[in-house]
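This report goes through the fold, the packing of its elements and a few single residues. The sequence and the coordinates are shown first.

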Amino acid sequence: VPAVKDFDKPIRRFMFGVIKRTYIAVAREELMGLLNLKDEELTAFISDEQLIEADGLIKLPPTKENQPKPVKVTEAISFREIAPTLFKVIDLPGRKVNYQNGCRATDHRVA
């Protein structure tokens with residue numbers, strides 16, 4: 001809005017706050033577009049914010065929100081479902097195995 005002097009600065013500050021909580025790094029061209037800055041204005045902005053630029057990427061400061069979070073994977077699988085596979089892996093050569101209902105029922109040596 002041209003009628004209000006420096007109207008874009010608080011909007012830009014807000015946008016940058018959202019960006020740095022969302023990303024750990026952003027491409028220079030992308031940040032230039034998101035903040036509506038020209039190349040030389042972005043260079044000054046990077047300097048003012050004490051950001052690091054390398055290979056066209058601007059590294060953003062770490063925040064609680066932009067850090068990778070560990071993913072915990074849990075599987076609901078019963079022993080009866082996995083037992084045949086386990087027994088096939090651990091069976092020794094020369095052994096005959098009989099499976100009954102998904103579990104090892106008998107184990108006989110082959111003569």
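Contact, as used for one element lying across others, means heavy atoms within 4.5 Å. The model described here is predicted.

## Overall composition and confidence

The protein has four helices and five strands. Along the sequence these elements follow the pattern α-β-α-α-β-β-α-β-β. Of the 111 residues in the protein, 20% are buried. Among contacts between residues at least 6 apart in sequence, 39% join residues at least 24 apart.

Mean pLDDT for the protein is 81, with 79% of its residues reaching 70 or more. Confidence is highest in β1, at a mean of 95, and lowest in strand β5 (residues 103–109), at a mean of 50. Where pLDDT is low, the predicted coordinates should not be read in detail.

## The three-stranded sheet

Three strands form an open sheet in the order β1-β3-β2, and their pairing is antiparallel. The edge strands, β1 (25–27) and β2 (52–54), each pair on one side only. From one strand to the next, the twist averages 25°.

Strand β3 (residues 57–59) is joined to β2 by three bridges, and the two run antiparallel. In this pairing, Glu 53 stands opposite Ile 58 in β3.

Helix α2 (residues 28–35) lies across β1, β2 and β3. The direction of α2 is at about 85° to β1.

## Packing of α1 against α2

The axes of α1 and α2 are 10 Å apart, and the two helices pack at an angle of about 140°. Angles from 65 to 115 degrees count as roughly perpendicular and those over 145 as roughly antiparallel, so α1 and α2 are oblique to each other. On the α1 side the contact involves Arg 12, Met 15, Phe 16 and Ile 19, which meet Leu 31, Leu 34 and Leu 35 in α2. The residues of this contact divide into six nonpolar, no polar and one charged.

Arg 12 belongs to helix α1 (residues 8–22). Is Arg 12 buried or exposed? The cut-off for buried is under 20% relative accessible area, and Arg 12 has 14%, so Arg 12 is buried. Leaving out neighbours within four places in sequence, Arg 12 is in contact with Leu 35, Asn 36 and Leu 37.

## Packing of α2 against α3

Helix α3 (residues 39–48) also packs with α2: their axes come within 10 Å and cross at roughly 100°. That angle makes α2 and α3 roughly perpendicular to each other. From α2, Arg 28, Leu 31, Met 32 and Leu 35 meet Asp 39, Leu 42, Thr 43, Phe 45 and Ile 46 in α3. The residues of this contact comprise six nonpolar, one polar and two charged.

Leu 31 and Leu 35 of α2 take part in the contact with α3, and both are also listed in the contact with α1.

Ala 27 is a residue of strand β1. With a relative accessibility of 29%, Ala 27 counts as partly exposed. Which residues does Ala 27 touch, not counting those up to four places away in sequence? The contacts of Ala 27 are Gly 56 and Leu 57.

Ala 27 can also be placed relative to Glu 53. The two are 26 residues apart in sequence, and their C-alpha atoms are 9.2 Å apart in space.

## Residues with positive phi

Most residues other than glycine have a negative phi. Two residues are described here against that background.

Asp 6 is in the segment before α1. Although Asp 6 is not a glycine, its phi is positive, at about 55°. The relative accessible area of Asp 6 is 39%, so Asp 6 is partly exposed.

Gln 50 is in the loop between α3 and β2. The phi of Gln 50 is near 55°, a positive value in a residue other than glycine. What is the relative accessible area of Gln 50? The value is 70%, and therefore Gln 50 is exposed.

Notes:
Residues are numbered from 1 along each chain as its sequence is written. This is a predicted model: local features need pLDDT of at least 70, side-chain atom pairs count only at pLDDT 80 or more; totals for chains, interfaces and linings use all residues. Side-chain values use heavy atoms; hydrogens and water are left out. Two strands pair if DSSP finds at least two bridges between them. Axes are lines fitted to C-alpha atoms, for helices over the stretch in contact, and angles run from 0 to 180 degrees between N-to-C directions. Angles under 35 degrees count as roughly parallel, over 145 as roughly antiparallel, 65 to 115 as roughly perpendicular and the rest as oblique. Ala, Val, Leu, Ile, Met, Phe, Trp, Tyr, Cys and Pro count as nonpolar, Asp, Glu, Lys and Arg as charged, and the others, Gly among them, as polar. pLDDT is the predictor's confidence in each residue, from 0 to 100. Buried means under 20% relative accessible area, exposed over 50%, partly exposed in between (1.4 Å probe, protein chains only).
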